[in-house]
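Reader: I would like to work through a fold feature by feature. Please give the general idea where there is one, then the case at hand.

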Amino acid sequence: MLELDKTTFEAEVLKAEGYVLVDFYGDGCVPCQALMPHVHALADKYGDKLKFTALNTTKARRVAIGQKVMGLPVIAIYKDGEKVEELVKDDATKEAVEAMVQKYV
């Protein structure tokens, strides 16, 4: 799982080739913290087929706003720099995230 920041987001996600999953989370976000172990488990399981990254929006607010991330948690899939699918807030369940990942691996 690659930890992103405002200086690495563009190169690692927007300029990347292929599929990239981004876990947008925040410091005080309890649902984010609950979901994170499941996302890390998916990274261990599918990391050879899909690039897994995480961005702390508390430290990269402008990047999050630029990606239209207004609530947390958000799990998004990008392909060749374009956002192709995302799960937001209550939709970002363990099962939904795994189902979304399986579509792109």
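This is a predicted model: local features need pLDDT of at least 70, side-chain atom pairs count only at pLDDT 80 or more; totals for chains, interfaces and linings use all residues.

Reader: How do strands come to form a sheet, and in what order do they stand here?

Author: Strands of a sheet pair through backbone hydrogen bonds, in either a parallel or an antiparallel sense. Here the sheet is open and has five strands, ordered β1-β3-β2-β4-β5, with mixed pairing. The edge positions belong to β1 (2–4) and β5 (82–88); each has a single partner strand, so one side of each is left without a neighbour in the sheet. From one strand to the next, the twist averages 25 degrees.

Reader: In which sense do β2 and β4 pair?

Author: Antiparallel: β2 (residues 19–25) and β4 (residues 74–79) are joined over six bridges. To locate the pairing, take Asp23, which stands opposite Ile75 in β4.

Reader: Which strands does helix α2 touch?

Author: Helix α2 (residues 30–46) packs on the sheet and touches β2, β3 (51–56) and β4. Its direction makes about 160 degrees with that of β2. Helix α4 (residues 94–104) lies across β2, β3, β4 and β5, and runs at about 160 degrees to β5.

Reader: How many disulfides are there, and are the cysteines Cys29 and Cys32 buried or exposed?

Author: The test is whether two cysteine sulfur atoms lie within 2.5 Å. The count is one disulfide. Cys29 and Cys32 form it, with their sulfur atoms 2.2 Å apart. The link is right-handed, with 75 degrees about the S-S bond. Both Cys29 and Cys32 are buried.

Definitions and conventions
Residues are numbered from 1 along each chain as its sequence is written. Side-chain values use heavy atoms; hydrogens and water are left out. Two strands pair if DSSP finds at least two bridges between them. Helices (H or I, at least four residues) and strands (E, at least two) are DSSP runs, numbered from the N terminus. Axes are lines fitted to C-alpha atoms, for helices over the stretch in contact, and angles run from 0 to 180 degrees between N-to-C directions. Contact means heavy atoms within 4.5 Å. Buried means under 20% relative accessible area, exposed over 50%, partly exposed in between (1.4 Å probe, protein chains only).
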